[in-house]
Amino acid sequence: MEQRIASLLPPTHPWRDRITCLASTDSTNTRLAALAKSGAPHGTVLIADAQTGGRGRMGRSFHSPAGKGLYMSILLRPQCAPSELMHLTCAAAVAACDAIERTVGIRPQIKWTNDLVCGERKLAGILTELGFGANGTLSYAILGIGINCLHTPEDFPPELRSIATSLAQLTHTPIDRAALAAALITAFSQMSDTLLTQKRAMLDVYRRDCVTLGKQISVVRADSIRHGTALDICDDGALTVHFSDGSTENVNSGEVSIRGMYGYV
Ligand code: BTN
């Protein structure tokens, strides 16, 4: 698979010889973090055919059966302060939508902050994790993405069957996971080159594609659930919510999860 993905990238692409594909691992994000701590360079890509401990946001698991999904993590070494990277997950979501659209011809929408959805069902999730040096400076960022590709409904556990979908279910065609991986690598490397210079244009696309905006939502914290309407995306990726008690707040993706009040989105 490495050779096939590399062959689909331009011969001069700097990440071409930094791709490793594994049959199985616990979590490509966890494994790549260990490589990052041992000095792996910007653009190192880890892909697994299966994950035994795939992870999502807020301590959730990400179902990662063998041969069905694309489970990929990419190591970035941004030369900036962590405070300048607050929009990184938004940028990754837009880049992933671009890559999926180019490869299979459908453009997912985005459920704030990190889920890609089609037809009100989850197609993919993104998990961004940062690593810091001893002096508190940013050492690396890992972007992990899991895309449901070849799953039939039976490949999902019963509790996910009504809220998840796959590219094969949506397109009724076989999905070339190597071609999708190459498109993602291309889109993520372009995104990392323009992360600080193209932020405004990227956020405009994010807002356009974000299915959460205008919806009635529940904002779920560890100790509370509040209801409101999602109004806007801030420049740092936070969600502006007008709550039913009349207050308006910007909520941060690190502290809340969002539920649609009438379904998954
Ligand atoms: C979410 O749904 O909250 C995010 C899911 C992210 C899953 C991907 S699969 C590749 C990488 N490795 C992981 O353990 N998680 C991410």
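This is a predicted model: local features need pLDDT of at least 70, side-chain atom pairs count only at pLDDT 80 or more; totals for chains, interfaces and linings use all residues.
A pocket is defined on a 1 Å grid over the protein atoms alone, as an open set of points with protein on both sides within 12 Å along at least five of seven lines. A residue lines a pocket if it has an atom within 4 Å of a point. A molecule sits in a pocket if more than half of its atoms lie within 2 Å of the pocket's grid points. Residues are numbered from 1 along each chain as its sequence is written, and side-chain values use heavy atoms, with hydrogens and water left out.

The ligand takes up the space of the largest pocket. This pocket has a volume of about 770 Å³, where volume is the space filled by probe spheres set on grid points that are joined across faces, edges and corners. Its lining has 36 residues. Nearest the centre are Arg 60, Ser 61, Phe 62, Asp 115 and Lys 122. Helix 2, strand 3, strand 6, strand 7 and strand 12 (257-260) each give two or more residues to this lining. Helices (H or I, at least four residues) and strands (E, at least two) are DSSP runs, numbered from the N terminus. By class, the lining has 13 nonpolar, 16 polar and seven charged residues. Ala, Val, Leu, Ile, Met, Phe, Trp, Tyr, Cys and Pro count as nonpolar, Asp, Glu, Lys and Arg as charged, and the others, Gly among them, as polar.

The ligand is surrounded by 20 residues, each with a heavy atom within 4 Å of it. Ser 27, Gln 51, Arg 55, Arg 57 and Lys 122 are the closest. Strand 6 (121-132) gives the largest share of this shell, four residues. In the shell, five residues are nonpolar, eleven polar and four charged. A backbone N or O atom of Arg 55 is 2.7 Å from a ligand oxygen atom. For Arg 57, a polar backbone atom lies 2.8 Å from an oxygen atom of the ligand. The side chain of Thr 28 places an N or O atom 3.1 Å from a ligand nitrogen atom. Alone, the ligand exposes 410 Å², and the protein buries 97% of that; areas come from the Shrake-Rupley method with a 1.4 Å probe.

The second largest pocket has a volume of about 450 Å³. Of its 21 lining residues, Met 86, Thr 89, Thr 128, Ser 253 and Gly 254 are the closest to its centre. Strand 6 gives the most to this lining, with five residues. Eleven of the lining residues are nonpolar, seven polar and three charged.

Two backbone features lie in loops. Most residues other than glycine have a negative phi, and most peptide bonds are trans. Trp 112 and Thr 113 are joined by a cis peptide bond, with omega about 5 degrees. Thr 113 is in the loop between strand 4 (109-111) and strand 5 (115-118). Met 58 has a positive phi, near 55 degrees. Its loop runs between strand 2 (45-48) and strand 3.

Technical notes: A polar contact is a pair of N or O atoms within 3.5 Å; within protein, one must be able to donate a hydrogen and the other to accept it, and residues adjacent in sequence count only if both atoms are side-chain atoms. On a 1 Å grid over the protein atoms alone, a cavity is a set of points where a 1.4 Å probe fits but cannot get out, and a pocket is an open set with protein on both sides within 12 Å along at least five of seven lines; lining residues have an atom within 4 Å of a point.
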